[in-house]
Amino acid sequence: MKSQILKGDTVLVRRGKEKGKRGTVKAIFADSWQATVEGINVVKRHTKPQQQQSNMGAAGRNGGIVEKEAPLPISVLQYVCEACKAPTRLRRGETKEHRRARICVRCGEPARESAKGA
Ligand SMILES: [Zn+2]
């Protein structure tokens with residue numbers, strides 16, 4: 001089984017304490033069937049000052065506490081269509097560009113395809 005949700009998609013959280021919130025998928029962890037979503041399920045992490053600075057944000061500069069998204073099960077995330085802005089499902093279908101494009105079942109618009117490395 002392969003997730004229809006890709007990195008960069010907008011998703012709606014369907015269950016849990018973040019239920020009803022929307023965000024952009026930052027990363028997909030296919031092995032554990034989880035994903036991180038921008039601004040959703042944020043946890044505080046303690047960091048050391050000498051830690052590498054990439055992606056640590058402002059608080060990472062001198063160590064201390066950074067806020068970081070914890071992974072959520074992909075099963076609680078629902079794809080939100082960029083065209084009709086509604087939580088929806090995707091089906092596979094053919095477009096001019098792609099033989100197996102992701103297509104919104106509501107409005108019929110094709111979703112953008114995966115970003116590199118997604
Ligand atoms: Zn749509």
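Isoleucine 5 touches residues from well beyond its own stretch of chain: leaving aside neighbours within four places in sequence, its contacts (heavy atoms within 4.5 Å) are Val11, Val25, Ile28, Leu77, Gln78, Tyr79 and Arg102. This is a predicted model, where local features need pLDDT of at least 70, side-chain atom pairs count only at pLDDT 80 or more, and totals for chains, interfaces and linings use all residues. Residues are numbered from 1 along each chain as its sequence is written, and side-chain values use heavy atoms, with hydrogens and water left out.

**Nonpolar core**
- The largest nonpolar core has 16 residues. Such a core is a set of buried Ala, Val, Leu, Ile, Met, Phe, Trp, Tyr and Cys residues joined through side-chain atoms within 4.5 Å.
- Buried means under 20% relative accessible area, exposed means over 50%, and partly exposed lies in between (1.4 Å probe, protein chains only).
- Ile5, Val11, Val13, Val37, Leu72, Leu77 and Tyr79 have the most contacts inside this core.
- Two or more core residues come from each of β1 (10-13), β3 (34-37) and β7. Strands are DSSP runs of E, at least two residues, numbered from the N terminus.

**Zinc site**
- Cys81, Cys84, Cys104 and Cys107 coordinate the zinc ion through their SG atoms, at 2.2 to 2.4 Å. Donors are N, O and S atoms within 2.8 Å of the metal (3.2 Å for Na, K and Ca); water is not among the atoms, so sites may look incomplete.
- The donor residues follow the spacing C-x2-C-x19-C-x2-C.
- Cysteine 81 sits in the loop between β7 (77-80) and β8 (90-93), and cysteine 104 in strand β9 (residues 101-104), so the pair ties together parts 23 residues apart in sequence.
- Cysteine 81 and cysteine 104 are both buried.

**Salt bridges**
- The count is seven salt bridges. Each needs a side-chain nitrogen of Lys or Arg within 4 Å of a carboxyl oxygen of Asp or Glu.
- Arginine 112 pairs with aspartate 9, with the closest N and O atoms 3.0 Å apart. Arginine 112 is in the segment after β9 and aspartate 9 in the segment before β1, 103 residues apart.
- Arginine 112 is partly exposed at 28% relative accessibility, whereas aspartate 9 is buried at 0%.
- Lysine 44 and glutamate 67 meet in a salt bridge at 3.1 Å, N to O. Both are exposed.
- Shared partners join the salt bridges of Asp9, Glu82, Arg102 and Arg112 into one network.

Definitions and conventions: Helix = DSSP H or I, 4+ residues; strand = E, 2+ residues; numbered from the N terminus.
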